[in-house]
Amino acid sequence: MAGAYVLPKLPYTYDALEPSISREIMELHYSKHHQAYVTNLNKALEASAAALSEGKLQDSAAQLSAIRFNGGGHINHSLFWENLAPASSPDADIAAAAPRVLAAIEATWGSFEKFQAAFGAALLGIQGSGWGWLVREAATGQLRIVTLANQEAVVVGDTPILGVDMWEHAYYLLYKNDKATYVKNIWRVVNWKTCEIRFTGQRDDAFKVLKAQASI
């Protein structure tokens, strides 16, 4: 099919985020879990297109659930990888890398620490699998925290600034059922430069990492 999706290139090595995220987790998360979303998305898109070409609307429509789930998985993970950076990187320093995001956070929540507490509570409040996002609202330009179940993608119109994966495969090999420590430690490897770019740019800019490649 034309326009098949592929894994985006990781901007760091598998072990670059240790000890917050282990090499084993990163390798499995990226090469197995994210790859599965991409593979299944392409299969569903191909099946949908083939059914439409044969005039079988009902069979094409039957693929929508798989497209939504796996497409969301590809979108969320592609954004997530760019939201991370080694703790030693200057991009992990919010004051230096994201002054406008920091100012907006402080204006909204009163302090960065209060924002961390609010975001952490939202993440730990997710029942089952899902994602937590800091987004910029399209209508107001204001920041807000949203949580989404499973692989639902960021709400249409909102710009994703910072996302955290709360599926078990993102943390369980290292943290077991201690989600709170995972949430605490992930702050050390946030790529605030990416957040600043997304915050100061347009919504479409955030999704440039999503690319359909040549035919397969």
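This is a predicted model: local features need pLDDT of at least 70, side-chain atom pairs count only at pLDDT 80 or more; totals for chains, interfaces and linings use all residues.

Three strands form an open sheet, and their order across it is β3-β2-β4, with antiparallel pairing. The edges are β3, residues 143-149, and β4, residues 159-165, each of which pairs on one side only. On average, neighbouring strands of this sheet are turned by 25° against each other, if direction is ignored. Helix α5, residues 99-109, packs on the sheet and touches β2 and β3. The direction of α5 makes about 90° with that of β3.

Now the pairings themselves. Strand β2 comprises residues 130-136 and pairs with β4 over six bridges, in the antiparallel sense. Within that pairing, Trp 133 has Gly 163 of β4 as its bridge partner, and Arg 136 stands opposite Thr 159. The pairing of β2 with β3 is also antiparallel and runs over seven bridges. There, Gly 130 is bridged to Ala 149 in β3. β2 and β3 form a hairpin, with six residues between them. In the turn, Gly 141 has a positive phi of about 75°.

After the helix comes Gly 55, with a positive phi near 75°.

The buried residues of α1 include Ile 25, Met 26, His 29, Tyr 30, His 34, Tyr 37, Val 38 and Leu 41. An α-helix has 3.6 residues a turn, so residues three or four places apart point the same way. What do the buried residues of α1 pack against? Their partners are β1 (4-5), α2 (57-61), α3 (64-82), β4 and α7 (172-175).

The C-alpha atom of Leu 64 is separated by 7.8 Å from that of Ala 44, although the two residues are 20 residues apart along the chain. Ala 44 is one of the buried residues of α1.

Phe 80 also belongs to α3. With a relative accessibility of 2%, Phe 80 counts as buried, since the cut-off is under 20%. Beyond its neighbours within four places in sequence, Phe 80 is in contact with His 29, Trp 131, Gly 163, Val 164, Asp 165, Tyr 182 and Ile 186. Ala 138, by contrast, lies 58 residues from Phe 80 in sequence and 20 Å from it in space, C-alpha to C-alpha.

In soluble globular proteins, nonpolar side chains tend to be buried together. Here the largest nonpolar core has 55 residues. Which of its members touch the most others? They are Ile 105, Phe 115, Tyr 182, Trp 187 and Trp 192. Tyr 182 is in contact with Phe 80, Val 164, Asp 165, Met 166, Ala 170, Tyr 171 and Tyr 175, again leaving aside neighbours within four places in sequence.

Finally, some backbone details in the loops. The peptide bond from Glu 18 to Pro 19 is cis, with omega near 5°, and Pro 19 is found in the loop between β1 and α1. Asn 150 is not a glycine, yet has a positive phi of about 55°. Asn 150 lies in the loop between β3 and β4 and is partly exposed, with a relative accessible area of 40%. Lys 176, likewise a residue other than glycine, has a positive phi near 55°. Its place is the loop between α7 and α8 (179-186), and Lys 176 is partly exposed at 43% relative accessible area.

Thank you for your attention.

Definitions and conventions: Residues are numbered from 1 along each chain as its sequence is written. Side-chain values use heavy atoms; hydrogens and water are left out. Two strands pair if DSSP finds at least two bridges between them. Helices (H or I, at least four residues) and strands (E, at least two) are DSSP runs, numbered from the N terminus. Axes are lines fitted to C-alpha atoms, for helices over the stretch in contact, and angles run from 0 to 180 degrees between N-to-C directions. Contact means heavy atoms within 4.5 Å. A nonpolar core is a set of buried Ala, Val, Leu, Ile, Met, Phe, Trp, Tyr and Cys residues joined through side-chain atoms within 4.5 Å. Buried means under 20% relative accessible area, exposed over 50%, partly exposed in between (1.4 Å probe, protein chains only).
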